[in-house]
Amino acid sequence: MEMLNEMAVFAQVVDSGGFSAAARHLGVATSAVSRHVARLEAHLGGRLLQRTTRSLSLTELGEQVHAACVRMLTTAREVHVLAGSYRARPNGVLRVSAPIVFGQVWLAPRLPGFLDLHPDVDVRLTLTDRTIDLVEDGIDLAIRIARELAPGLAARPLCQMQYVLVASQTYLAAHGAPDAPEDLLRHRCCYLGYGQFDGHWFMRSSERSASVDIPARITINNSGAIMALVEADGGIGLVPDFAAQAALACGRVKQLLPAWTFDTPYAGAVHAVYTPGRHLALKVRALIDYLTTT
């Protein structure tokens, strides 16, 4: 970094036509300018300037070094202008990751409004249920659903979610509705069936807690597909509330045991997570602010 400063001072000496003029331009003493150039010559192992009491000229090495210094300063100015443009307004490509169904039903419908507000931002949305590494996968912002987040990331809460039991009116007319968690044992239930989404369900109400082992005729590793089965009168589905929201709103399905909640590590707050740093890119901040207010 010190050598970069010396190169900038050397370029100013050449452009100003002398040490004194360069010193006045930089607001430093002439002796300081002379020391910078001398240190640069020592670093490079050769003389850059031919100096007399009346004239100043570049050596062959000096000509080549000056051209490189000019290129360096031009690049530095371009970087400064670029950084300023990023501070002025959100722009550039914004790479976002989200769980598959959450991205389909919650995030994707909100993106058109964000793009309308920020015409200089392009979004690249990746939907995956695996936990990605933001740095390794080149992701600016990831959506995570969990009670606890991995250390080393910054996060902003977006919304709350919980798991709900739903069934179609046709299924309920044929098989009846459960009045308590234990009643689920006589129903055909469908759930995700992987990791901690197994058939051992912990549920609680304001009055008591319950633990039931649900037999599995079918499991599906996608809550959107579970909803398709439920709406085809295939049984009772355990899904995130955002996956069932549209079907519940128009009456295609009915929520069961609404006084009961599920204890699962995947319920709780939905967070936008990003790599911490002193300066959060304006495009990332803009999307986070938009999602927390829509």
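Reply: The account below begins with the open sheet and its helices, and then turns to the paired strands and the pockets.

This is a predicted model, in which local features need pLDDT of at least 70 and side-chain atom pairs count only at pLDDT 80 or more, while totals for chains, interfaces and linings use all residues. Residues are numbered from 1 along each chain as its sequence is written, and side-chain values use heavy atoms, with hydrogens and water left out.

The open sheet consists of five strands in the order 11-8-12-7-13, with mixed pairing; helices (H or I, at least four residues) and strands (E, at least two) are DSSP runs numbered from the N terminus, and two strands pair if DSSP finds at least two bridges between them. Strand 11 (216-219) and strand 13 (253-256) stand at the edges with a single partner strand each, so one side of each is left without a neighbour in the sheet. From one strand to the next the twist averages 35°, where axes are lines fitted to C-alpha atoms, for helices over the stretch in contact, and angles run from 0 to 180 degrees between N-to-C directions. Strand 7 (residues 163-168) pairs with strand 13 in the antiparallel sense over four bridges, and Ala167 has Lys254 of strand 13 as its bridge partner.

Two helices pack on this sheet, as judged by contact (heavy atoms within 4.5 Å). Helix 8 (residues 223-231) touches strand 7, strand 8 (189-191), strand 11, strand 12 (236-240) and strand 13, and its direction makes about 150° with that of strand 12. Helix 9 (residues 241-249) touches strand 7, strand 12 and strand 13, with its direction at about 120° to that of strand 12. The buried residues of helix 9 are Phe242, Ala243, Ala244 and Ala247, buried meaning under 20% relative accessible area, exposed over 50% and partly exposed in between (1.4 Å probe, protein chains only). Helix 9 is followed by Gly251, whose phi is positive, near 80°.

Elsewhere, strand 15 (residues 268-274) has seven of its seven residues buried, so it is largely enclosed by the rest of the structure. Strand 15 runs antiparallel to strand 6 (residues 154-161), to which seven bridges join it, and Pro157 has His271 of strand 15 as its bridge partner.

The largest pocket has a volume of about 570 Å³ and is lined by 30 residues, of which Pro99, Asp129, Ile145, Tyr194 and Tyr266 lie nearest its centre. On a 1 Å grid over the protein atoms alone, a pocket is an open set of points where a 1.4 Å probe fits, with protein on both sides within 12 Å along at least five of seven lines, and lining residues have an atom within 4 Å of a point; grid points are joined across faces, edges and corners, and a volume is the space filled by probe spheres set on the points. The second largest pocket has a volume of about 190 Å³, and strand 9 (residues 200-204) gives the largest share of its lining, three residues.
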